[in-house]
Amino acid sequence: MSELAIIGGTGALDLFESSEERGMDTPWGVPSAPAVRVGFGRAEAWFLARHGRPHRIPPHRINYRANIDGLKRLGVKRVIAINAVGGIDAALEPGSLVVPDQLIDYTWGRSHTFGDDEESPLLHVEFAHPFADRLRAGLLDAGRSAGIGLKDGGCMAVTQGPRLETAAEIARLARDGCSVVGMTGMPEAVLAREAGLDYASLCVVANPAAGLEREPISLEEIERVLATAMLDVRRLFGKLAV
Ligand code: HPA
């Protein structure tokens, strides 16, 4: 099978035992962190900490181009992204895992293409289906083998952050058909597409989205939920047939 990378987000810094570490440099700058070689189950992959190690880079300041290009230069052909999200669909309780099949990009001002100047080729990539079917199926199969109920499908809203959303924004995202909301799915997914890498997202629901509960969203509670949910994520990767 071709080389796999996992891009880990909030709460997913130390999911796996790592061995080798590989610094990366790219024409787009330096990625968020060195890639580390991780093993799980019978498989190995490169793991990249999206927010840096330690966690310090906010979603809108991540150098997504360096991250994707750096992984490509390591020989990576497939990427599984782990994204912490808020749940818009009330059925998605904190701790739920979702494998979305669509996204809507609400971000702005991020460097979102490798074709950014007159010297680079103009890239009008096909993006009707942003996530790779085979990788999605692999995640869903792994969830079944691990006895973890994954939600198959749903639309991920990607907001600019770093603030959380207003209640009205979440109501709008719900009307737009989004079931989860995160801040890091784009431009990561489209850059992977431009780079010719297969890409899928495993969303970890950290909290009910803004305005869905009377209590304000608590960052301590998000961390607590993610810490527990990551145990499921790790078990799931242990069953991934890669
Ligand atoms: N909104 C956006 N991103 C998030 C959220 C949220 O509620 N929770 C975790 N990441």
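Buried means under 20% relative accessible area, exposed over 50% and partly exposed in between, with a 1.4 Å probe and protein chains only. The model is predicted: local features need pLDDT of at least 70, side-chain atom pairs count only at pLDDT 80 or more, and totals for chains, interfaces and linings use all residues. Residues are numbered from 1 along each chain as its sequence is written, and side-chain values use heavy atoms, with hydrogens and water left out.

**Exercise 1.** Determine whether Phe16 and Phe47 are buried or exposed, and classify their ring pair.

Solution.
1. Phe16 and Phe47 are both buried.
2. Rings of Phe, Tyr and Trp (its six-membered ring) pair if their centres lie within 6.5 Å; planes under 30 degrees apart are stacked, over 60 edge-to-face, and the rest tilted.
3. The whole structure holds six aromatic pairs.
4. For Phe16 and Phe47, the ring centres are 6.2 Å apart and the planes meet at 75°, so this pair is edge-to-face.
5. Phe16, Phe40, Phe47 and Phe237 form one aromatic cluster.

**Exercise 2.** State which side-chain partners Thr113 has, and why Thr113 counts as buried.

Solution.
1. Thr113 counts as buried because its relative accessibility is 11%.
2. Contact means heavy atoms within 4.5 Å; leaving out residues up to four places away in sequence, Thr113 touches Arg65, Leu123, Leu191 and Glu194.
3. A polar contact is a pair of N or O atoms within 3.5 Å; within protein, one must be able to donate a hydrogen and the other to accept it, and residues adjacent in sequence count only if both atoms are side-chain atoms.
4. The side chains of Thr113 and Glu194 make such a contact at 2.7 Å.
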